Amino acid sequence: MCVRNAGRSQMATAVAERERERRGLTDRVEIATGGTQPADHVHEEVVEVMAEVGIDLSNRTPTAITIEELRSCDYVATMGCSTLDVGELGADANVDVRDWALLDPDGEDLDRVREIREEIAGRVEDLFAEIAADDDAA
């Protein structure tokens, strides 16, 4: 999740969908994305660099996400835009919130957006590996 749901969170969602498919977890892992103040469209530079790795974001539309939706998650990754005060989820929420503190790609040159894409891909892959390890230990 992030504020606008137009860059980092869209990239993270697309990479997570790809990773879920790659690991054969489509029946076990649900992925949600959203922003606290969604934009009208995904940033053009994000669409362009994701297309370079075979992911089409051209038809995606930023959406809103609610506290209730976030409370239903096992993991929430924020993109470094201070969008979520963990206290907002409530003391009884059993949600693992990760703030990935990533640069906003909006208006950045394509090389920088590629770097952000690769950072996101690495973090998503690491999270899936962690989830798989937890499943194996259980």
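Tutor: Let's start with a term: on a 1 Å grid over the protein atoms alone, a pocket is an open set of points with protein on both sides within 12 Å along at least five of seven lines, and lining residues have an atom within 4 Å of a point. This is a predicted model, in which local features need pLDDT of at least 70 and side-chain atom pairs count only at pLDDT 80 or more, while totals for chains, interfaces and linings use all residues. Residues are numbered from 1 along each chain as its sequence is written, and side-chain values use heavy atoms, with hydrogens and water left out.

Student: Which residues line the largest pocket nearest its centre?

Tutor: Val29, Glu30, Ile31, Ala32 and Tyr75, out of 29 lining residues. Helices H1 (8-22), H3 (67-71) and H4 (110-137) and strand S1 (75-78) each give two or more of the lining residues. Helices (H or I, at least four residues) and strands (E, at least two) are DSSP runs, numbered from the N terminus. H4 has the largest share, 5 residues.

Student: What makes H1 mostly covered?

Tutor: Buried means under 20% relative accessible area, with exposed over 50% and partly exposed in between (1.4 Å probe, protein chains only). In H1, 11 of 15 residues are buried, including Met11, Val15 and Arg20. The buried ones pack against helix H2 (44-51) and H4, where contact means heavy atoms within 4.5 Å.

Student: What makes a set of residues a nonpolar core?

Tutor: They must be buried Ala, Val, Leu, Ile, Met, Phe, Trp, Tyr or Cys, joined through side-chain atoms within 4.5 Å. The largest core here has 26 such residues, and Met50, Trp100 and Val124 have the most contacts inside it. H1, H2 and H4 each supply at least two of its residues, with H4 giving the most, 8.

Student: What does Trp100 touch, leaving aside neighbours within four places in sequence?

Tutor: Among its contacts are Ala12, Ala77, Met79, Val124 and Leu127.

How values were computed. 1 Å grid on protein atoms, 1.4 Å probe; cavity = no way out; pocket = protein on both sides within 12 Å on 5 of 7 lines; lining within 4 Å.
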